[in-house]
Amino acid sequence: MLAVPAVAQTSVPFTLDWRFEGPAAPYFLAVDNGHFAAEGMEVEISPGQGSLDAIPKVATGAYPIGFSDMASLIKFLDQNPDAPVTGVMMMYDVPAFAIVGRRSLGVETPADLEGRTLGAPPPDGAWAQFPVFAEAQGLDVSTITIEPVGFPTREPMLAAGEVDAVTGFSFTSSLSTMRLGVPEDDIVVMLMADYGVELYGNVIIVNTDWAEANPELVTGFLRAVAMGVRDAAADPAAGVAAIAARNPALDSDLEVARLNMALRDNILTPWVMEHGIGNIDAERFATSLEQIAMSYTFTNPVDASRYFTDAYLPTDGSLMMQ
């Protein structure tokens, strides 16, 4: 055994938005490949229960860092202006919000939703953005039957034909429906970003009180995550294997496909490949705030700096993905 100097590790709990699935690979690789340890922290990753789940956990200090939907964070901060939480690293430059339908049920385009039944879990981030999508596409929402569904029943109901389409994350609902036996060529994925929605997707959030007291830990955490993204892109199968070590029941082939979809469509976008991961474009962010206001009435002044800060992003080049 080689003697290794002992390094004091700070425990940093981290809560995801959802289950241990393919797109979470960068975080588990950052653990297994020693990136978090190199930054002086021991990170324990916990699953979440939807896009809204992590925000109150981080705002209350139950977790110092989490992963959440950006639009949901903006609304939360409007309703809780003194909450100590903000976004610090944009992970999904393009949001995964999507409508997933079935051709055999007559859904191929946004207009096909009129006169049909849409399954939507009330806490779902994609459902929260549906009004923006509907407005951009000129849909008559009054003709669409909205069926509230639970996360566990969403894809089974679509597979059974009990609903014609569902809201969800593109890489979650599409692949989970295929896993239930629906042929791939029967599934239509309408990524909201392709239909006029300029919103950002999921972002790493921090408890601002904790971050102000531990700025180096926050920056180190973000640097380790960026390295985990590079690792996942270089070897998606290894990324899924890291998750499978915590969840032996995982369908590894399915999760590799899910991870590859997320990397291609949401994480390693052309903008990210040019500018690096983690930051946002101010002009686009302003447009996204205007779109949120199309279906949500702000009760407090809109302040972009309150929802996201780049102050903790590393400046050593580690955010570049090529």
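**Reading a predicted model: burial, helix packing and rings**

Colleague: Is His35 buried or exposed?

Modeller: At 11% relative accessibility, His35 counts as buried, because buried means under 20%. Keep in mind that this is a predicted model.

Colleague: Where is His35 found, and which residues is His35 in contact with, leaving aside neighbours within four places in sequence?

Modeller: His35 is found in helix α2, residues 35-38. Leaving aside neighbours within four places in sequence, its contacts are Leu29, Ala30, Ala224, Met227, Gly228 and Asp231.

Colleague: Leu29 and Ala30 belong to α1. How many of the residues of helix α1 are buried?

Modeller: Six of the eight, in a helix that spans residues 25-32. So α1 is largely enclosed by the rest of the structure. The buried residues of α1 are Ala25, Pro26, Tyr27, Phe28, Leu29 and Ala30.

Colleague: What follows α1?

Modeller: Gly34 does, and its phi is positive, near 80 degrees.

Colleague: What describes two packed helices?

Modeller: Take the angle between their axes and the distance between the axes. Here, α1 packs with helix α11, residues 236-244. The angle is about 80 degrees, and the axes are 8 Å apart. Angles of 65 to 115 degrees count as roughly perpendicular, and α1 and α11 are therefore roughly perpendicular to each other.

Colleague: Which residues meet between α1 and α11?

Modeller: From α1, take Ala25, Phe28, Leu29 and Asp32. From α11, take Ala238, Gly239, Val240, Ala242 and Ile243. The residues of this contact divide into seven nonpolar, one polar and one charged.

Colleague: Now the rings. How many aromatic pairs does a search of the whole structure find?

Modeller: The search finds 16 aromatic pairs. One of them joins Trp127 and Phe130. Their centres are 5.6 Å apart, with 20 degrees between the planes. Planes under 30 degrees apart count as stacked, so the Trp127 and Phe130 pair is stacked.

Colleague: Which residues form one aromatic cluster?

Modeller: Phe14, Tyr27, Phe36, Phe67, Tyr92, Phe97, Phe169, Phe171 and Phe221 form one. Tyr27 is also among the buried residues of α1.

Colleague: Rings can meet charges too. What sits over the ring of Tyr200?

Modeller: The charged end of Arg284 does, 3.7 Å from the ring centre.

Note on methods. Residues are numbered from 1 along each chain as its sequence is written. This is a predicted model: local features need pLDDT of at least 70, side-chain atom pairs count only at pLDDT 80 or more; totals for chains, interfaces and linings use all residues. Side-chain values use heavy atoms; hydrogens and water are left out. Helices (H or I, at least four residues) and strands (E, at least two) are DSSP runs, numbered from the N terminus. Buried means under 20% relative accessible area, exposed over 50%, partly exposed in between (1.4 Å probe, protein chains only). Contact means heavy atoms within 4.5 Å. Rings of Phe, Tyr and Trp (its six-membered ring) pair if their centres lie within 6.5 Å; planes under 30 degrees apart count as stacked, over 60 as edge-to-face and the rest as tilted. A charge sits over a ring if NZ of Lys or CZ of Arg is within 6 Å of the ring centre and within 35 degrees of the ring normal. Axes are lines fitted to C-alpha atoms, for helices over the stretch in contact, and angles run from 0 to 180 degrees between N-to-C directions. Angles under 35 degrees count as roughly parallel, over 145 as roughly antiparallel, 65 to 115 as roughly perpendicular and the rest as oblique. Ala, Val, Leu, Ile, Met, Phe, Trp, Tyr, Cys and Pro count as nonpolar, Asp, Glu, Lys and Arg as charged, and the others, Gly among them, as polar.
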